[in-house]
Amino acid sequence: MLSGETGIYILMAVVSLISTLAVYMAVVEKDLVKAVIYSALQSGLYTILYFLLLAPDIGLVYIPVAVGLIPGVLLILISKTERWEKE
Amino acid sequence: MKTVEVVVLIILILALALLITVGFEHIMPSTAVRPPAEFYLYATYNPYKLREYTVMSPEAVTAIVWDFRGLDTLFETSVFYLALIAGLALTRRLLSERAEKPGHGLSLIVKTVTRITAPMIIVVGASIALHGHLTPGGGFQGGSVIAVLPMVIIVVFSVSFLIMRGFTTSKMIIMRSLGLFGIGLTAIALFLVSLIQGTHAYVFQNMIKPDAQTSMPIYIAGALISGTLWFFNLFEMFAVAAGFSIAFIVLMLARTLQVEER
């Protein structure tokens, strides 16, 4: 039986791995709208990490800024320019 | 090509994991509380033994951010507004705030849901900001939660809808300036009071200090407000929410004008 602390560490490891995958998808994705969504997914996972690392203050500022405001600004910029990344 | 990228990524992750496993004892910070943190935690709410150093706030992070290290936060705030002013200066020729016919926006279902959730967003943001001295949170956090609302309205309705409801950039700039003015006034409030009374006080002082006996009110009507912390959080909330809203409105308006010129 796992102790609570080990469970939290395992959860942190899993969340970190998924967030790395999200970063990878955001980098290689050619459709910039999807890349923004992957980036927001990574930020959401980072929020879980911040919460587990006992920094709820940073988590509270991370959710609206990194999941709401920055994707909003990026989507506005994409709608002004081009959606597809060129080679 | 893609396989190579994936393999490199996996090797990188495994190498980092190995590094952390091997150097665990040297990389990981110790769980013991370090001496400065010990003092901050001991002094953050301690009206009995440390009356002359305490902030009277149970939230140690907000106490550090707005009292122990208050000047740092003041300059961080000013950096944020300098960036905002730079953005406004870049787009000042592109703005045209005519009340145009609002666009169609999204469907009726989305609009209704937005109308229902809009007050909830404001209430959550306000509670994060105004309870910043009691629970995790603070002015910047609450303000950025509230700033999500104008963005959602711009996406769901349109930017003309927001402007027709009176949220023009000039009004937002006035609100932001009032927030900044409030922050500045709170910082020098005790200094001004002691200047009138002829006593001694510091700029950015909150509670009594060994050589300055004036203090901000700790309770208002029985509710703990921790002196300057509550006021700082309140004004920061207004300033941050208005600041982010300006950024969105300016970005969207610049786009409309560019489309018109084509």
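Predicted model: local features only at pLDDT ≥ 70, side-chain atom pairs only at ≥ 80, totals over all residues.

Mentor: In α2(A), the buried residues are A:V36, A:S39, A:Q42, A:Y46 and A:T47. A residue is buried if 20 or more other C-beta atoms lie within 10 Å of its own, exposed if 12 or fewer, and partly exposed in between, with C-beta atoms placed from the backbone.

Residues are numbered from 1 along each chain as its sequence is written, while chains are lettered from A and ligands numbered from 1 in the order in which they are written.

The cover over the buried residues of α2(A) includes α1 and α3 of chain A. Helices (H or I, at least four residues) and strands (E, at least two) are DSSP runs, numbered from the N terminus. Helix α2 of chain A has 21 residues (32–52), which at 1.5 Å a residue should span 30 Å; its end C-alpha atoms are 30 Å apart, so the two agree. The expected span is 1.5 Å times one less than the number of residues. Just after α2(A), A:L54 takes a positive phi of about 65 degrees.

Now the partner chain. In all, 15 residues of chain A are in contact with 20 residues of chain B. Contact requires C-beta atoms, placed from the backbone, within 7 Å. On the side of chain A that touches chain B, α1 (4–28) and α3 (56–80) of chain A each supply at least two residues. α3(A) gives the most to that side, with 12 residues. The residues of that side divide into 10 nonpolar, three polar and two charged. Ala, Val, Leu, Ile, Met, Phe, Trp, Tyr, Cys and Pro count as nonpolar, Asp, Glu, Lys and Arg as charged, and the others, Gly among them, as polar.

α3 of chain A also supplies at least two residues of the largest nonpolar core. Such a core is a set of buried Ala, Val, Leu, Ile, Met, Phe, Trp, Tyr and Cys residues joined through C-beta atoms within 7 Å. Of its 56 residues, B:A241 and B:I249 touch the most other members. α10(B) gives the most to this core, with 20 residues. Leaving aside neighbours within four places in sequence, B:A241 is in contact with B:G143, B:I146 and B:A147.

Definitions and conventions
Contact = placed C-beta atoms within 7 Å.
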